[in-house]
Amino acid sequence: MENIYLYMIIALAILAIADLVVGVSNDAVNFLNSAIGSKAISFKTIMIVASLGVAVGAVFSSGMMEVARKGIFNPGEFMFDEIMIIFMAVMITDILLLDFFNSVGMPTSTTVSIVFELLGAAVAIALIKIGHDGEDFSNVINYINTSKASQIIFGILLSVIVAFSIGAIVQWVSRVLLSYNFEKKAQWVGALFGGFALTAITYFIFMKGLKGTSYAKESFDILGGGTMKDFLETQVLSIVVVSSVFWSLLSYALIAFAKSNIYKLIIIVGTFALALAFAGNDLVNFIGVPVAAYNAFIEWSASGLPAGEFSMEVLAKKVPTNNWLLFLAGMIMVLTLWFSTKAKNVVKTSLDLSSQGETKERFQPNFLSRGFVRSAMLMSQMTSYILPVSWQEKIDKQFETPVITLTKSKKIDLPAFDLVRAAVNLMVAAVLISIATSYKLPLSTTYVTFMVAMGTSLADRAWGAESAVYRVAGVINVIGGWFFTAISAFSAAALVAYLLSLNIKVMFPILLVLAFSLLIRSSIVHNKKSKEGRAEDSLIKAESSSIQGVIHESANNIANVVKRGNKIYTNSINGLAKQDLALLKKNNKQILKLSQEVEGLRDNIFYFIKNLDDSSVGASNFYINILGYLQDMTQSLEYISKVSHKHVNNNHKKLKFNQIKELKEVDASLETLFEDTKEAFDSSSFEQIGGILNSKEQIFSMLTEKIQKQVERTRTEESSPKNTTLYFGVLLETKDLLVATMNLLEEYHDAHDSSVKPATIDTADSITGNKEEE
């Protein structure tokens with residue numbers, strides 16, 4: 001039996017490495033999003049600075065390891081064999097839960113997951129013990145460290161409100177003082193802001209954060225034999241004053257003489273500090289349990305007692321963690337930071353929700369988000385009655401965003417927000433996390449950094465009337481995901497602990513193989529999706545300011561829609577013919593994605609028209625018409641795909657042989673039409689469009705003939721109303737699809753002819769004239 005525990009220690013070590021990888025993939029958003037979103041420094045520089053912070057923070061995290069040993073349960077109430085079951089259940093559950101959230105690109109809390117997993121597994125084993133001994137089930141409270149556990153859980157929940165509120169207040173004050181034209185403010189203003197921000201960061205990270213580490217107990221002769229911890233606690237005011245003066249003077253010198261951007265320095269130092277705080281606070285989430293298990297194994301091995309008789313009171317004592325082990329864990333975290341693609345997905349979610357400008361909204365509004373937005377608007381109206389008009393005007397002026405004029409020759413990827421907001425995000429989050437670390441509270445770095453970013457976004461008026469309802473829905477979804485994490489972590493860890501307790505020799509290898517199999521499968525699926533995403537053609541927003549440019553830019557989109565539309569139509573017919581529900585279900589997803597991309601192009605019309613030259617306004621008329629026809633095409637395809645899926649999904653009668661044969665003939669004709677169209681647009685051989693238009697009557701005649709045949713069949717032999725409805729529906733919608741396609745081709749044909757003629761006639765008039773003639 002002794003060997004099984006040695007194998008468990010080895011398995012826990014391997015799981016710790018895997019947990020470090022998936023954990024950092026999830027938590028990279030915590031310290032990367034401000035620097036990446038503001039584009040203050042290059043991505044490579046951000047990664048180097050963050051890597052240094054993670055490496056240093058990992059070495060300073062020893063003090064937090066006690067949470068895994070005694071923060072949630074009372075170790076003295078459990079024997080060695082029971083503790084090993086708890087720890088194994090926690091690690092297996094943790095790695096699968098975090099990987100799931102990473103795969104869907106949602107930031108979740110590693111702290112919440114580890115706390116509730118420890119709680120769930122400990123409660124499960126405690127209940128098993130109580131049931132076995134015939135005790136009252138209310139005694140389960142004796143097994144749990146209720147005071148510390150409730151303190152941790154309450155702290156995590158409170159951090160959501162505190163982080164959001166403080167982030168919003170500090171950002172609002174900073175914006176009122178600095179405005180969006182912060183770089184034009186007096187040099188002393190930037191120097192004071194830099195002094196305040198850098199003092200907050202350095203004191204709470206390098207001073208306050210050090211207090212919780214083993215290094216704080218080192219004695220210094222200069223302090224009369226005292227320790228660093230004593231110095232930090234007794235000289236608070238002196239340290240803050242000296243730091244403020246030093247950083248303010250340095251900031252002024254950098255601004256005045258070196259002509260440096262102090263906000264960039266704050267972001268660099270803040271990124272380092274937040275990465276350090278993250279590693280110092282969160283490393284316990286990844287390796288705290290395996291380290292505690294190893295300590296328990298060493299003590300049990302030395303005791304010589306059976307596993308079921310050796311009490312785990314030893315875990316209640318303070319046991320320092322090996323610094324080399326912490327350094328190794330830090331290196332694994334750094335490597336993950338550089339090479340994890342899942343980390344980029346999670347970062348994107350946070351940036352999308354805090355972006356100052358327009359971005360593709362990832363979340364759909366719900367009744368909660370609509371209610372919150374309406375309440376906020378009412379509160380805003382109330383404050384307008386309270387504050388004097390002159391004050392309101394001054395405040396509004398500070399929040400006026402500068403107008404950015406884009407160059408026509410170059411596409412610019414604008415930052416999600418400016419340097420002031422990035423600096424506030426880093427400063428507030430670093431301070432809050434450091435305070436928690438100094439009190440050995442495993443605060444959720446995800447909760448804090450995410451809610452600070454959301455609070456500063458709100459205060460900065462990034463959630464305008466156009467985006468508020470979507471952004472609030474996103475925040476609700478993410479917070480809902482955190483509660484889902486807590487419930488899932490507790491339940492799953494309790495279940496795994498129960499299964500392991502049934503027969504540890506059998507269940508341990510089975511669950512371990514299952515965990516790694518799911519992890520490998522998740523990685524393969526993620527890589528496959530990433531490759532598909534890169535390979536698949538996506539629709540591109542028009543950026544040209546002339547009709548000739550728009551013609552050539554739109555050609556790629558049309559070729560793309562025709563190619564994907566052809567495949568969707570063929571799959572619908574094949575799915576009906578073979579009664580292939582899986583193919584039709586996949587087809588529904590494809591047309592939904594295409595429809596959303598076309599809708600995205602239509603949403604961009606405002607910015608497209610704003611970007612046009614005065615001499616090329618006619619391009620907007622052409623572009624709007626093209627998008628209208630593309631939308632008509634996708635709507636027809638969507639209807640055909642949905643009715644086909646619905647028919648097969650409801651197990652209705654299969655179409656008759658003649659009906660399938662006729663639909664295949666229609667599909668063959670459409671395939672020829674679409675392939676010719678794609679070839680013309682791919683090669684920009686727009687003169688071929690005339691030849692394609694000549695086949696218009698032939699295809700319409702064929703469709704009319706098929707409809708007439710079905711009318712005759714219905715009168716004489718057809719007995720299924722569902723089949724008749726489906727068949728007519730597909731043919732009539734195919735007709736609409738052809739009408740939209742031909743209209744698009746005619747629009748293109750006419751516009752191209754006009755654009756290549758000598759410019760004696762105004763382009764807009766030529767397009768309008770062509771449309772009127774039609």
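Reply: Start with the word contact: it means heavy atoms within 4.5 Å. Keep in mind that this is a predicted model.

Me: Which residues of α23 meet α25?
Reply: On the α23 side they are Asn658, Gln659, Glu662, Glu665, Val666, Ser669 and Leu673. On the α25 side they are Ile699, Met702, Leu703, Lys706, Lys709, Gln710 and Arg713.

Me: What classes of residue make up the contact of α23 with α25?
Reply: There are 5 nonpolar, 4 polar and 5 charged residues.

Me: At what angle do α23 and α25 pack?
Reply: The angle is about 170 degrees, and the axes are 11 Å apart. Angles over 145 degrees count as roughly antiparallel. Therefore α23 and α25 are roughly antiparallel to each other. To find them, look at residues 657-682 for α23 and residues 696-716 for α25.

Me: Now salt bridges. What counts as one?
Reply: A side-chain nitrogen of Lys or Arg must lie within 4 Å of a carboxyl oxygen of Asp or Glu. This structure holds 8 salt bridges.

Me: Which residue does Lys696 pair with?
Reply: Lys696 pairs with Glu746, and their closest N and O atoms are 3.1 Å apart. Lys696 lies in α25 and Glu746 in helix α26 (residues 721-756), so the pair ties together parts that are 50 residues apart in sequence. Lys696 is partly exposed, at 24% relative accessible area.

Me: Where do Glu705 and Lys709 lie?
Reply: Both are in helix α25, 4 residues apart, which is about one turn of the helix. Glu705 is partly exposed at 42% relative accessibility. Lys709 is partly exposed too, at 34%. You have met Lys709 already: it is one of the α25 residues that meet α23.

Me: How far apart are the closest N and O atoms of Glu597 and Lys593?
Reply: They are 2.9 Å apart, in a salt bridge. The two residues are 4 apart in helix α20 (residues 581-603), so about one helical turn separates them.

Me: Is Glu597 buried or exposed?
Reply: Buried means under 20% relative accessible area. Glu597 has 11%, so Glu597 counts as buried.

Me: Which residues are linked with Lys593 and Glu597 in a network?
Reply: Arg564 joins them: Arg564, Lys593 and Glu597 are linked in a network of salt bridges.

Note on methods. Residues numbered from 1 in each chain as written. Predicted model: local features only at pLDDT ≥ 70, side-chain atom pairs only at ≥ 80, totals over all residues. Heavy atoms only, no water. Buried < 20%, exposed > 50% of the residue type's maximum accessible area, 1.4 Å probe, protein only. Axes fitted to C-alpha atoms, helices over the stretch in contact; angles between N-to-C directions. Parallel < 35°, antiparallel > 145°, perpendicular 65-115°, else oblique. Nonpolar A, V, L, I, M, F, W, Y, C, P; charged D, E, K, R; others polar.
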